[in-house]
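Subject: Structure handover

Dear colleague,

I am passing on the structure below, and after it you will find what came out of the analysis. Please have it open beside you as you read.

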Amino acid sequence: MKTTERQKKTFSFKVEAQRFIRQIRRELGLSQAELAKKMISECDQSTISNWESGKNEIPLSKFIDILLISGRDPASYFDIFGKKNDKENKNNKDVEEVK
């Protein structure tokens, strides 16, 4: 993949993440300050605002925390985590059977 393609995809993901944070917050009926208080690690209203506006990039761990706050499975948002080949699926079944 060419750098410009990767840059476009990266930018597109950033914009989508910004919109998604705002969408989740609104679906939950939370203000930016209320969402900030629910975060695992310290966060304040201005940080949420900066993420939503694109002033600052959201760290992946914080994005995952917001997904979990909303009850969403992070793997469903990131297709790559949900894709497994047959060998991995078989190995997971074997592990589950051992438990």
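How many nonpolar, polar and charged residues does the lining of the largest pocket have? Before the answer, please keep in mind that this is a predicted model. The lining of the largest pocket has 10 nonpolar residues, together with four polar and two charged ones. The volume of this pocket is about 230 Å³, and of the 16 residues that line the pocket, F13, K14, A17, E57 and I58 are the closest to its centre. Helix 1 and helix 4 each supply at least two residues of that lining, with helix 1 giving the most, namely seven residues.

Turning to the core, the largest nonpolar core holds 17 residues, of which I21, W51, F63, I66 and L67 touch the most other members. Two or more residues each come from helix 1 (3-27), helix 2 (32-38), helix 3 (45-53) and helix 4 (60-69), and helix 1 gives the most to this core, with four residues. If residues up to four places away in sequence are left out, F63 touches A17, F20, I21, I58, Y77 and F78.

The side chain of E52 makes a polar contact with the side chain of R22, at 3.5 Å. Again not counting residues up to four places away in sequence, E52 touches Q18, I21, R22, R25 and Q32.

With best wishes

Notes: Residues numbered from 1 in each chain as written. Predicted model: local features only at pLDDT ≥ 70, side-chain atom pairs only at ≥ 80, totals over all residues. Heavy atoms only, no water. Core = buried A, V, L, I, M, F, W, Y, C linked by side-chain atoms within 4.5 Å. Buried < 20%, exposed > 50% of the residue type's maximum accessible area, 1.4 Å probe, protein only. Contact = heavy atoms within 4.5 Å. Polar contact = N/O pair within 3.5 Å; in protein donor to acceptor, adjacent residues only side chain to side chain. 1 Å grid on protein atoms, 1.4 Å probe; cavity = no way out; pocket = protein on both sides within 12 Å on 5 of 7 lines; lining within 4 Å. Points joined across faces, edges and corners; volume = space filled by probe spheres on them. Nonpolar A, V, L, I, M, F, W, Y, C, P; charged D, E, K, R; others polar.
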